[in-house]
Amino acid sequence: MAQIFHRSTNFIARFSVFSAFFLAGLGVIVVLAVARSPYMTRQNVVREQPVQFSHKHHVGDDGIDCRYCHAGVETSAVAGVPPTKTCMNCHSILFNNAEYLEPIRESYRTDKSIEWNKVHRLADFVYFNHSIHVNKGVGCSSCHGQINQMPLVFQANTLLMQWCLDCHRNPEQALRPKDQVFNMDWTPPADQAQIGKKLAAERNIRTTAELTSCSTCHR
Amino acid sequence: MRENEHHEHKANQHDHHDPAEDLSLPERPLDLAEVRANLQSKSGKQYWRTLEELSEDPNFTEMLHREFPRQAPSEWDESVDRRDFLKLMAASLAFAGLSGCGRTPEQHIVPYVKQPDGLVLGKPQYYATAMPFGADAIGLLVESHEGRPTKIEGNPDHPSSLGATNVFAQASILNLYDPDRAQTATQYGEIRTWSQFLDAAQSLAAAFKATQGEGFRILTGTITSPTLAAQIQSLLTVYPLAKWHQWEPAVSDGAREGAKLAFGNYVNTVYRPENAEVILSLDSDFLGSGPGHIRYAREFSHRRKLDQFAEDRRIGDEMNRLYVVEPTPSVTGASADHRLPLRASEIQLFARALASKLGLGGSPALPPNAEKFLNAVAKNLQRFPRNSLVIAGEHQPAEVHALVHAINAALGNVGTTLYYTGPVEAHPVNHIESLRQLCADIEANKVDTLLILGVNPVYTAPHDFDFASKIGFNEKTKSKKVRTTIHVSSHFDETSELCDWHVAESHYLETWGDARCFDGTVSVVQPLIAPLYHTHSHREVLAAFSDQPGVTDYDALRDRLKAANPSADFEKFWRKTLHDGVVAGSPFAPINVSPKFDPASLPAVKVGSPNEIEFIFRPDPCVYDGRFANNGWLQELPKPVTKLTWDNAALVSPKTAEQLDLAHNVAWRGGEHGKIYSNVVDISLSNSKVTAAAWILPGQADGVVVLPLGYGRKRAGYTGTNKGFNAYVVRTSDALWAATASSNAVKRTGEDYPLACTQYHFNMEGRQILATGTLEEYRKNPNFANKHAEAPPPELSLYKGEKEYPYEKMQNRWAMAIDLNSCNGCNACVIACQSENNIAVVGKDQVMRGREMHWIRIDRYYKAESPTNDPSTYNESLDNPETFFQPVPCQQCENAPCEQVCPVGATVHSAEGLNDMTYNRCVGTRYCSNNCPYKVRRFNFLRFQDWETPQFKLLRNPEVTVRSRGVMEKCTYCVQRISNARIEAEKLNQPIADGAIVTACEQACPTQAIVFGNANDKNSRVAKLREQQRNYSILAELNARPRTTYLAAVRNPNPELEKT
Amino acid sequence: MMRHRSHIYGVMGEFSTPEELIHAVEKVREAGYRRVNAYSPFPVEGLSEALGLKRNMVPLITLLGGLSGGVGGFALQYWCAAITYPMNIAGRPLNSWPAFIPVTFELTILGAALSAVFGMLALNKLPQPHHPVFNVPRFTHASSDRFFVCIEARDPKFHLAEAARLLEQVHAHHVTEVSDD
Amino acid sequence: MSAGQPPLDSPEIRRLTPVLGPGYTYGSVTDKISAIVLTRPTSLGWFIGFAIAFSLTGMLTIAIGWLIIKGVGIWGINIPIGWGFAIVNFVWWIGIGHAGTLISAILFLLNQKWRTSINRFAEAMTLFAVACAGIFPLIHTGRPWMAFYMAPYPSTMGLWPQFRSPLIWDVFAVSTYGTVSLMFWFVGLIPDLATLRDRSIQKPAKIIYGMLSMGWRGSARHWHRYQSAYLLLAGLATPLVLSVHTVVSFDFAIAIVPGWHTTIFPPYFVAGAIYSGFAMVLTIAIPLRKVYGLEDFITMRHLDNMAKVMLATGLIVAYGYFFEFFMSLYSGDKFDMFLVQQRLHGPYAPFYYALILCNILTPQLLWFYKMRHNVAVLFIMAIVVNIGMWLERFVIVVISLTRDFVPSAWGRYSPTFWDWATFIGTMGMFVMLIFLFVRVLPAISIAEMRELVAETAEEKE
């Protein structure tokens, strides 16, 4: 009989068998990678805002305390985006006719809220509480990064559950002295391991088992 | 899965000035601004239906026929129209592929412009207010999130609440957000602005000035609000010839007239059940309904707790004893130690016989079979002079009430177990006579302008009055008997249809006001939110006819309080009053009255002959007189005793059913849990007819047919219209509460009607589920509840009793104890849970498929030895079976069978021993539910939640995930409350105090039957209860080791009646 | 000669029964040829012995596959349940080994089966759609009703004419030269 | 055994009922079988049958689509009956699958010659049944698009499957079973694909079969490894097939539901599986041999043997029923006792009696030689057993759930239109695949038939 296949098909056939498996594996890896990529998590993606509010300027240069605007952060689940009133407290005097602040003034005049674009977003079924983290000595920058250097705020971490768990499994790494909580430039000292343990003990940080129970964050 | 809205969304409900703002939520189906524009432009006569329709919003037509109607989604349909089908099919293929991955869309933060003082974003606030209800007002604390009231709780400082609530109070929050509420004033169905109404009212007022208000009539329900009453009185003084009529369809005149008969004037009776050793209820449901019932239930339960809380023991630790004589089973009858079913008309005989036994004279004639009971009761009452109590039923005639006054006086109970005060009603009158007079005057063309406040007489008035014809437009004569009719109500209902004007009524959470409760205490009604729509209060409407229409409710209330309480610092007084919710020192002082009448003087009572059938009318335990008909929560709430939902039915006793040849058919589909087919009967009564489904109810008096009021609404709204049958149709003014007719008044039509019943099987098949015993048994062996079933020893485990989870060492070990001796099945916990946990309403069809979503259900068991367990096959044990209730939430088993079988670990144990349910991890295999011995898990078989209707977005509790289609859900001990309490405690580095966490069901429970707490804290209430020997767990032999345990029910029967 | 030989894969003889085939193979091997192969439409008993084939590697590969599958399977479960995210499931111990048996077993089977099949294919150098023997016109019968012996040119002792003669001696029908083009 | 019957196996039997018709050569078997695929014109009947099966498959896709749109609520399931048709059908199909593996693996190990002519389509049947079965566990979940949570993959949530759940065991068992069956089937096909390659005329066919056969050339060295691989596969498939239905039975045995929580389930599920599997093989074999005139290859001997296997497994199943019954009474567990009472007198009693009739009483006819050798009777019998085994799963899955621990929660179950549509749809899909299979692949293993020719030739001498 005549050959049905040319000699080259031997290689082609074997190669395609291997590449089939290879590509399948590659596909899986790609999916897993995309799920963790900034495309999905929006990590490090800068968001335009109706008013180009610069945390770098207000926090970094002017040194305004976080709590001046985010008043709820120590008492409530949500830190809270400030009402237009808060802006006007200063900007009725400062830059009170600057063009780029017009939306603020308009909002104040018309009593229509400004619609900010949300930067840090957790799924709706996650119940994160700012106050307990702050009260237990987890600093702002631990999650939000160095806000004081962000002209426009972006999400500094993935905010994936995996990322939350890293800290809930060993909180020591993130515990600071109470007076450092709002310090954006805080960096863990060399002996953070011991300090963290000590702080965790005196602040009755709960056990990993408790901190990683589903109902700690999901209701 | 998209679950609850973000707090940012909520953040845009700011200070509620413009109703449009309140609804300016994303993806709202209609634009109110547009609507309003439309409304103004509309002119010319056209029949007015709803705001949405006017908005000519294309979505609206779709919304009208959308498959998931709000409140009651009936997503089910086997017949699908083709276009829709193909569209969806196409969508689904894409869906099937894409879903799961993909980014969430952009979200926005919408902060306040000027944040209200004292408001902290994300922190709920609580305000004291009160819900006026008939001749009572229930004091409430209402939870508010960024200006949205979301949850109603009892006000501990309020005498009629003591921190508890009832189903109506709990569910009233849903009325506030009911999308079917009337949203603006209308005239002849056309939109009118408030100012247009004011003009009309003022021109009328001007006319009245001339005629002294002749022909001006006001029709209201029972009014206890001093401010509102003052407003009416001022009108009546301005217009001396105007008249005020009252009509409360579900409240009998018996009590009022009885008092008059006994004391010569209207007197209000307040009971103190906690001081009573023996209580006899003559057809009174004092634990389940009527003024003060929440408090009465609490006081009654104090005497049933046995050795629960030492400090709660009042007079000794003797358990009290309750006798109930009633025609149809009520929650009070179910809690009785001895219960005697008698026809309603025979109750009076019993009362007279009792009176004569106590030496008050009168005829000792007695219904057969009651002799023994009477003797025992009489003896028992006499054994406790001053510490016994006899209570006459709301729906009993004046004679019975008078007799009972006399009996209590004779027993010397006045002052200890009850006392008298002046009337709570602002203006007590005989309602039926008042309404009768109004109708007569209309017939006599004496009525020129009729102002109807709140009530719905076209639906509720006795049919012999034919109220519709009184106010309606007569096609033949082309005329109207009343020139101007004005109706004020929350919904555009049967009466509104026939009235010229309709003014949308504000919800009590939207208005300032006040109200007296059962003991006279004045509570302040404080608004939680500005009116969502263009609605107004009764007082504002009345004020429109006065010479200062502008006065706000707020000012009116403050002025009246100032006048009534001249105190140095009024602002201080005012703030305290708002904080407490009650006006200090306002309760009525007891008054001294003594009955001056001779029972013997009473005319002989005529009782229907035994072969006649007695029809009695009762307000429905869920929709009351019909005012809650459009409330999905209450419609889907299983009625305490029958466990029926979404329908009323003509209730008959098993024996009567046998005589009338009525039966149930446990349908192949649904069956015990869901759909029961029942015979349909035609009831011809007082030359009118109604067609009803019959329901066989064990424990009902033979020869009695109960016709529950409140159903068969023609115009209630999406949820309430055309549900059940309308009993008012056969109700006449001379037989408001009981009518007799020959047995052929009931005729089977031969048809069957499917009823949605959540529990049909009524016995326990000898399993250790609901442990009961008598006081004697309890004294002999306090541990009787556990004698049947113990948990097997851990060594039997394949895992050699490994103990990796030292719950005992944990700081918190959450547990719940439920005292079956206190629970009277009132259902308050069920609605509280539904409100707290965003539980969906699924609709009758789904209930019939056994898919209701209540996280806590109340099982009702009979002690009956029926071989078939089917009430529709007669067996004498069903004549008067002992009835028990058992609330069943998730048992939070330590060896939870559900957890082991979940393939994805969506339900696992928390370190503190909660059986966590993580909705967003659930893939919906339903294996956990199959493996749950207690069947407390609920599954979203379809998309039960209503995501579209904007009002419901305001309603939801932001602390709880809103579950979407395809996931399992269940009770979590209100884990959101646990978390919040824990967070607050941890901020202070303190342990969580006992009582700092109160679950929704525990909070609502009038009898404190449910206690939640930390079992590791030896001093916590729950720990003490778990130490009690009555404490047992359901089906302990399964070794699931539930955290929810029960205290066995102990009854205190009278030995005399026990023997034989 | 060398150049010429390079174009030849071998010489092939056809037989009609298994018996003839085995006989032929034995003879050819007696004649000292080592690079001999036989082709048959179904596995012929005794052929392997006649060709002097050694025990093959498939069973060993399968064993290894099975072991890795099993060990890996249990390791996975233990790691998930007890190490990476230990959770209290129904009060069962973290290492609920009895519950881990079924999956361990299934993965053992899976590992073994996969390695058996792919091991066999790999050792047989399949897929290999092109092969010199297909150049022989009558070789189509090799998959239905004829049996072939092929003396390969790679055999040091190989000489086209002699090989062909030898095959004719053992009563092969149609002795053909197998070209390697 | 009833009297007057020949002993189970003997030259006598072989003469009376050979496994292969007389007078076949290597060539003729090859011709006859490959002709079905290559030369024989596709009959109108095939097209009609395929069309029907295909449209039923269409109905299945619609039913599934609608399910994804609306949710599992379109089925009859509820609380307490959380599992309905979906799981019943899953167990039923998986059970049917078992005969294929059993015939090819166990009978191969036991060197039963009569397996040769039926193993190929029995294996195919296995694959298709598993395919049908595999649909259900996926679509019965509330959120099928989230079903990947059951796979052990590194998620961004740091969560993993919960390996104590029998459902996870299912995932692994069924996928393993599917994979191994597929390989087993394909490896067996390779030589036949080579045959088709060499015998087909049209170029496309040559190329396709050529690719599939991967250049198989019947080399002795290849056969050498091929045989040991095949033997090993058989050795592996045997415990696998037993384990799979054991695991399926764990879905119930591990749970605490009365009527599920029984130690006897694994053996009697396996027996039941084989029982229904052989019934299905018969249901396919009888029409197949008739239509394609394969009476000489699938002889009465085969039918007779399969009937005997059915009888045997049927008896094991009967024993299982009896013991389930006995143990619940003997154990004195009040819940189990109640359930037994309910099976006999409860609202679903008719199903239980029907099941007894189908699975225990009717098959007793198979004791009789005449019955076993009456093709029509066998065919009907097979259908009856298929129905009976479906009923068994219905009784176990559904009826147990209607009567569990707390009486207040008791309920009932009734399937909806969509339940039936899905169930019948899978049958359509199954038949469709069978049709395709017989059309494009040899329904009987040619290579092994040649071996059989060779062996029968030896026996002749």
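**Cores and sheets**

Reply: Of the 366 residues in the largest nonpolar core, D:Trp260 and D:Phe430 touch the most other members. Such a core is a set of buried Ala, Val, Leu, Ile, Met, Phe, Trp, Tyr and Cys residues joined through side-chain atoms within 4.5 Å, where buried means under 20% relative accessible area, exposed over 50% and partly exposed in between (1.4 Å probe, protein chains only). Helix α6 (residues 166–199) of chain D supplies the largest share of this core, 17 residues; helices (H or I, at least four residues) and strands (E, at least two) are DSSP runs, numbered from the N terminus. A second, separate core of 59 residues includes B:Tyr296 and B:Leu1057.

Me: On what conventions do these values rest?

Reply: This is a predicted model, in which local features need pLDDT of at least 70 and side-chain atom pairs count only at pLDDT 80 or more, while totals for chains, interfaces and linings use all residues. Residues are numbered from 1 along each chain as its sequence is written, chains are lettered from A and ligands numbered from 1 in the order in which they are written, and side-chain values use heavy atoms, with hydrogens and water left out.

Me: Which residues of chain B does D:Trp260 touch?

Reply: Contact means heavy atoms within 4.5 Å. Not counting residues up to four places away in sequence, D:Trp260 touches B:Tyr927 and B:Asn930, and its contacts in chain D include D:Trp83 and D:Phe265.

Me: What is the strand order of the open sheet in chain C?

Reply: Two strands pair if DSSP finds at least two bridges between them. The order in chain C is β2-β3-β1-β4, with antiparallel pairing. Because β2 (36–39) and β4 (173–179) of chain C each have a single partner strand, one side of each is left without a neighbour in the sheet. Four bridges join β2(C) to β3 (residues 147–152) of chain C, and C:Ala38 stands opposite C:Val149 in β3(C).

Me: How is the direction of a helix across this sheet described?

Reply: Axes are lines fitted to C-alpha atoms, for helices over the stretch in contact, and angles run from 0 to 180 degrees between N-to-C directions. Helix α2 (residues 18–30) of chain C lies across β1 (8–15), β2, β3 and β4 of chain C, at about 15° to β3(C).

Me: Is the pairing parallel or antiparallel in the open sheet of chain B?

Reply: The pairing is parallel, in the order β12-β11-β10-β13 (chain B). The twist averages 10° from one strand to the next. Four bridges join strand β11 (residues 321–326) of chain B to β12(B), where B:Arg339 is the bridge partner of B:Val324.
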